[in-house]
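Welcome! Let's take a friendly walk through a structure together, one topic at a time.

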Amino acid sequence: MDKRAFNIRHLPGATALAITCFVILYIPMVILIVNSLNAGKSISVWEGISLRWYGTALQNEGFLNAATTSLILASTAALVATVTATMAALATTRTKSFRGEGTINLVLNQPLMVPEIVLAIALLIILAQVKQITGYNGLGWLIIAHSAFCIPFAYMPIRARLQGMDLTLETAAADLYASRFYTFRKVTLPLLAPAVLAGFMLAFVVSLDDVVMSEFLKSPGQDTLPTYLLGQLKRNLTSEIYAISSLLLLISVLIVAGSWALTRKKT
Amino acid sequence: MDIAETRALRADARRRWTLAMPAVTIITLFSILPLLVVVVYSFLTPGDYGNVKWIWSTEGWFQVLFQRDIFDDTVTLSDAHLTILGRSVTLSLITTLITLFLGVPTAWFIATRPARQRAFWLFLITIPFWTNLLVRTIAVQEMIRSEGLINRLLLWLGAIDAPIQMMYTNFAILVGMAYVFLPLMVLPVYAAIERFDFRLAEAGYDLYASRLYCLRKVVLPQVKAGIIAGSILVFVPSLGAYVTPRIMGGGKSMMLGNLIEMQFGQGRNWPLGAALSLALTALVLVALVWYTRLTTGERRHG
């Protein structure tokens with residue numbers, strides 16, 4: 001092979017812009033963490049490193065309640081979304097097209113096509129009245145609303161995996177007189193597991209991230225971490241806000257690192 | 001096809017519908033039905049204290065773009081709404097351009113790294129991608145607020161005498177949205193470039209094509225789909241953005257999402273809010289349809 005001066009992979013300026021992009025992405029997040037470690041009372045004066053504000057946050061009942069709510073909400077909604085999305089994905093793949101298949105796909109992707117603020121307002125109109133009629137103000141409404149917009153996120157990876165899956169093993173199981181359910185449990189599900197897990201994590205993070213839907217639909221006193229943070233922002237910026245934000249940032253880093261470790265192991 | 005076969009097919013279709021039913025029901029009840037209620041509400045009369053009166057009216061839709069003088073009933077274009085609509089579209093377009101400018105070279109950079117390094121750079125993009133949008137907005141707010149890093153740096157350098165007021169302006173919204181949506185541009189463009197077979201570009205070079213010509217005629221057609229996907233992924237959430245403009249724009253600089261919320265709060269004109277919501281949805285759908293047209297057209301050629 002002769003070496004030539006030509007190398008289209010190297011574009012003048014691309015590297016510089018890429019590095020700029022990474023710097024732009026990371027500086028604000030680093031500054032946020034640095035600010036959260038400020039020992040001083042004022043956010044504008046640096047008084048040395050301390051974990052003081054993390055301590056304050058962890059003793060703050062409002063924050064702890066919001067964290068618990070967020071955790072329950074995100075895990076339940078992700079669970080509902082993943083189970084129903086898996087069932088739906090099993091229904092719409094590995095078959096000759098059937099009547100209504102297109103409709104199912106369209107319905108399951110609908111939440112992605114409408115701006116979140118519109119969905120939130122739309123649900124608010126209905127739920128305000130339903131809450132009054134039923135008298136139920138619990139977390140259930142948020143859970144099911146979150147499940148609805150999380151379904152497409154769980155549906156995508158699971159469906160993609162099913163579409164690429166080989167039918168041979170299942171046919172073999174059926175030939176050996178395995179029942180349909182037994183085949184599903186022992187053959188299909190283990191093969192599908194990584195995608196189901198990916199779908200669950202995607203749904204979990206999407207729910208955990210949500211601000212708009214929760215802010216509009218929560219009942220009084222029912223805060224999730226993001227809505228709690230949003231409420232705190234209405235007052236002054238404090239180091240405690242930075243500490244809570246940094247904690248959320250840390251959770252994301254852990255989730256990303258975890259999912260990378262999971263996918264790494266397999267390849 | 002004999003009867004038994006038809007029957008088996010029907011049973012299969014029924015079984016599949018049953019399996020899909022829970023997901024379909026949840027979305028129908030909690031996403032589609034509410035939207036239909038919004039359609040109905042947009043044709044009703046505003047109530048005295050919020051909510052609606054069940055009297056047919058197209059006033060809500062009328063007020064999206066026009067206003068009526070309270071004294072002499074003359075109809076003029078609604079400046080406030082047009083400003084916000086214009087701002088939403090313009091800021092979303094500029095956000096898309098900024099993320100294109102920074103995101104495409106970054107995707108190119110990552111895709112042309114050796115395979116092992118690639119994972120590391122991708123990891124760096126995925127972290128902000130997965131981080132809470134509100135947290136990232138707070139982070140970028142910290143940069144540009146009056147006592148923030150940029151102002152302090154400029155003061156320290158002596159470039160300015162007093163902090164520049166950057167928060168609560170269109171500029172602030174722009175900075176916020178570009179920052180928050182940047183990873184959404186990088187990932188699809190990266191996926192497209194990564195699939196590109198660089199031997200094609202070398203072949204082009206062997207045929208005496210210049211670098212620029214190669215990029216335009218060989219690389220671009222192959223990665224175009226990724227660039228369009230990235231642009232849609234940035235443009236659509238920008239248009240409907242609520243949280244970032246609320247924090248970065250304050251009450252001063254509003255976008256469509258904030259205007260809609262206001263109609264259900266202080267403004268208390270639910271039918272107008274409903275009509276505005278549907279107008280926003282329509283804008284988003286136009287972008288999505290345009291995208292599907294573009295990509296399926298692409299496939300037909302290839």
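## Chain B at a glance

How many helices and strands does the secondary structure of chain B come to? The count is 12 helices and 4 strands. Keep in mind as you look around that this is a predicted model.

Now for the overall dimensions. Taken along the principal axes, the C-alpha atoms of chain B fill a box of roughly 85 × 75 × 35 Å. The radius of gyration of chain B is 25 Å, whereas a compact globule of 302 residues would have one near 19 Å. Of the 302 residues in chain B, 42% are buried. Contacts also reach along the sequence: among those in chain B between residues at least 6 apart, 67% join residues at least 24 apart.

## Where the two chains meet

Chain A contributes 70 residues to the contact between the chains, and chain B contributes 66 residues. On the side of chain B that touches chain A, helix α1 (residues 3–41) of chain B gives the most, with 20 residues. That side of chain B has 48 nonpolar, 12 polar and 6 charged residues.

## A crossing of two helices

Next, look for helix α1 (residues 14–36) of chain A and helix α3 (residues 79–111) of chain B, whose axes come within 8 Å and cross at roughly 110°. Angles of 65 to 115 degrees count as roughly perpendicular, so α1(A) is roughly perpendicular to α3(B).

Which residues meet here? From α1(A) come A:Ala14, A:Thr15, A:Leu17, A:Ala18, A:Thr20 and A:Cys21, and from α3(B) come B:Leu102, B:Pro105, B:Thr106, B:Trp108 and B:Phe109. By class, this contact of α1(A) with α3(B) has 8 nonpolar residues, 3 polar and no charged.

## The largest nonpolar core

The largest nonpolar core holds 150 residues, and A:Cys150, A:Ile151, A:Ala154 and A:Ala203 touch the most other members. The element that gives the most to this core is α7(B), with 17 residues.

What does A:Ile151 touch? Leaving aside residues up to four places away in sequence, its contacts are A:Ala81, A:Thr84, A:Ala85 and A:Leu108 in chain A, together with B:Ala23, B:Ile26 and B:Ile27 in chain B.

## A stop at B:Thr169

Finally, find B:Thr169 in the loop between α6 (149–157) and α7 (170–195) of chain B. Is B:Thr169 buried or partly exposed? B:Thr169 counts as partly exposed because it has 17 C-beta neighbours inside 10 Å, and a buried residue needs 20 or more. B:Thr169 and B:Gly251 are 82 residues apart in sequence, and their C-alpha atoms are 9.7 Å apart in space.

Methods
Residues are numbered from 1 along each chain as its sequence is written. Chains are lettered from A and ligands numbered from 1 in the order in which they are written. This is a predicted model: local features need pLDDT of at least 70, side-chain atom pairs count only at pLDDT 80 or more; totals for chains, interfaces and linings use all residues. Two residues are in contact if their C-beta atoms, placed from the backbone, lie within 7 Å. Ala, Val, Leu, Ile, Met, Phe, Trp, Tyr, Cys and Pro count as nonpolar, Asp, Glu, Lys and Arg as charged, and the others, Gly among them, as polar. Axes are lines fitted to C-alpha atoms, for helices over the stretch in contact, and angles run from 0 to 180 degrees between N-to-C directions. Angles under 35 degrees count as roughly parallel, over 145 as roughly antiparallel, 65 to 115 as roughly perpendicular and the rest as oblique. The radius of gyration is taken over C-alpha atoms; the globule rule is 2.2 Å times the number of residues to the power 0.38. A residue is buried if 20 or more other C-beta atoms lie within 10 Å of its own, exposed if 12 or fewer, and partly exposed in between; C-beta atoms are placed from the backbone. A nonpolar core is a set of buried Ala, Val, Leu, Ile, Met, Phe, Trp, Tyr and Cys residues joined through C-beta atoms within 7 Å.
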